[in-house]
Every structure is written in structure tokens, then in C-alpha cells.
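Q: Please take a close look at the aromatic pairs in this structure, and describe the residues that take part in them and their surroundings.

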Amino acid sequence: MSFHVTAEDARIEVRDNRTILFARLRREDGEWNDASYELDQIIGNNDGHFQWGGQNFTETAEDIRFHPKEGAAEQPILRARLRDCNGEFHDRDVNLTEIVENVNGQFQAKF
């Protein structure tokens, strides 16, 4: 299940060169669970573009920010400026519903 429809207080924090997603996620029994997920385990930087299944995008990113409910569909969007192979930075974004889901109150990658 897409995590954003079963989440409260979603946010990111950058700690020790790692980007971590936090939220309270609803479990199957209706109760809430505090959950976290290190996005650098599943998102990389491929020449200035977010790469699903990659790792450690934070190491080559700046101005990392998160919009938990963006647009009419209220999608959770991760934005950052990513460095390419030439050292130039580019504004990029990724919709986290495409790669992260809620499995009984825990974050899980969809792949």
C-alpha cells in the first residue's frame, strides 16, 4: 500500500550524510507505528538523476527537501540538487510513492 495514504507526520532528516524518511504508519489492525527508512539504501545518483535501486544519493546532493503532500494528489515528493559527472548540480525530484510502501506499519521498498 502506498505509504502516504496511511501516514501521519511524514518528514525527512539528513543525518551523518544519510537521508532518513520518518512517519507514523497505520498498521493492518488500525494502530499506529513510528517508522523510519534510510532512503540512501534504495536511491542513488546516476549522473545527476535519481536512480531507483541505487545507493547513497545524499553523498552527491545538496538542498535536500521533502514535500509530504504536494499537488492536487498530495503526493510525497523528495527534491534535491544532484551533482552530475562534470560536477554540475541539477534540480531533480522523485515521487516516493513509486518506490516506498507501508507494509503493516513498516516502510518497505517496492522492488
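This is a predicted model: local features need pLDDT of at least 70, side-chain atom pairs count only at pLDDT 80 or more; totals for chains, interfaces and linings use all residues.

A: Residues are numbered from 1 along each chain as its sequence is written, and side-chain values use heavy atoms, with hydrogens and water left out.

A search of the whole structure finds three aromatic pairs, where rings of Phe, Tyr and Trp (its six-membered ring) pair if their centres lie within 6.5 Å, with planes under 30 degrees apart counted as stacked, over 60 as edge-to-face and the rest as tilted. One of the pairs joins F3 and F107, and because the ring centres are 5.4 Å apart with the planes at 75°, this pair is edge-to-face. F3 lies in the segment before β1, whereas F107 belongs to strand β10 (residues 106–109), so the pair ties together parts that are 104 residues apart in sequence; strands here are DSSP runs (E, at least two residues), numbered from the N terminus.

Both partners are buried: F3 has a relative accessibility of 1%, and F107 has a relative accessible area of 7%. Buried means under 20% relative accessible area, exposed over 50%, and partly exposed in between, with a 1.4 Å probe and protein chains only. Beyond this contact, ring pairs link F3, Y37 and F107 into a cluster.

Conventions. Helices (H or I, at least four residues) and strands (E, at least two) are DSSP runs, numbered from the N terminus.
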